[in-house]
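Hello,

Here is the structure I promised to hand over. My notes follow below it.

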Amino acid sequence: MDSAALAVKEGAALRPAVVVTGASSGIGLELARIAAREAPVVLIARSRDPLARLAGEIIAAGGAAHPLPLDLGAGSQVAAVENFLAEHGFYCDVLVNNAGFGLIGQADQLSRDEQLALIDLNIRALTDLTLAFLPGMMARGRGGVLNLSSIAGFLPGPHMAVYYASKAYARSFSEALWEECRRAGVTVSALCPGPVETGFFERAAGAAKKKPRLFELLPGDDARSVAEKGWRGFRAGRRIVIPGFGNKVVAAVAPVLPTRLVLWAVRKLQKSRAA
C-alpha cells in the first residue's frame, strides 16, 4: 500500500461503500444501480469499458461510483480491493458477491481448466472477499454480504454439475454466516433467482448455444426485478431471498424428494437443446 493510501487508512475517517463484483452486466449491474442510491459504490469486473459507462451513468444521476477492473478468477485480489478502497477513503460496508459463470455439458466432456476456473470465481473469490471484509463489519456492528446463489443451489445438477455445486456452496456458506453474524448487526444473505435474461446461458453453452429444458420450463425474470427483490431482502435481514413463486416451490420441494428421483428429473430436463 502506498504512503497516501496508508495515511488515509490510519488518519482520516473512512466512509462506507458498497463493493459490487460482476458489476458490468446483468444482476450485478442492476444491484450496483440500486446500491448507489444509498452509498458510493465500487464496481468490479474484468471489462473496463462497461464499468466506466456504468460509473458515468451513476455519477450523472447524482451518485458516486468508482470502477475497478479486476479479474477475480486470477488469484486473490483482496489486497488490490483493500488498497483501492483506502486510496479513495472508503471501507467495505456491504459486499455484493455477484461475479460468476456457468458451464453446460457433461463433466467428463467439458474442459477441466474451465471447470476449475468456475470454482475459482464462483467459490474461492466469493469466500476470499467475504472472509477479508467480514471481520471489519463485525467489529463495526453494521453492513453485510449479499451472495449470489441460485435456485440451482437447492438440487444436484447433472450436465451443469460444477455450477450447481458452486451455487449450493454459496447458499450453505451464506446461511451459516447469517446465523453467526446476525446478533452482531451484520446480515449475510443469499439471493437465489431462477432463470434470468442476462446472457448467462450464451456464455455457459459456449459455441453450442444451447439452453437446458429445465430453465425453459421455469418462469424467467428480468435482472432489474431480481436485483430489487434481492436488495430489499438483504436490507430486511433475510437469510435467503428467492424471487418468484415457482422458484420457491422448487426450493421447498426438491430437498424433500428422494435424491434419485431429483437426479433423474434434473438429468432429463437439464439436457440441452438448441435455443
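What do the buried residues of H3 pack against? They pack against helix H2 (26-35), strand S2 (41-45) and strand S3 (65-69). Contact here means heavy atoms within 4.5 Å.

Some ground rules. This is a predicted model, where local features need pLDDT of at least 70, side-chain atom pairs count only at pLDDT 80 or more, and totals for chains, interfaces and linings use all residues. Residues are numbered from 1 along each chain as its sequence is written, and side-chain values use heavy atoms, with hydrogens and water left out. Helices (H or I, at least four residues) and strands (E, at least two) are DSSP runs, numbered from the N terminus.

Helix H3 (residues 48-60)

Leu51, Leu54, Ala55 and Ile58 are buried in H3 (under 20% relative accessible area, 1.4 Å probe, protein chains only). They sit on the same side of H3 because they cover an arc of only 100° around the axis, taken from the directions from the helix axis to the C-beta atoms. Asp49, Arg53 and Ala60 are exposed on the other side of H3 (over 50%). Gly62 follows H3, and its phi is positive, near 100°.

The sheet

Seven strands form an open sheet with parallel pairing, in the order S3-S2-S1-S4-S5-S6-S8. S3 and strand S8 (240-241) are the edge strands, each pairing on one side only. Two strands pair if DSSP finds at least two bridges between them. Strand S4 (residues 90-97) and strand S5 (residues 144-148) run parallel, joined by four bridges. Leu95 has Val145 in S5 as its bridge partner.

Best wishes
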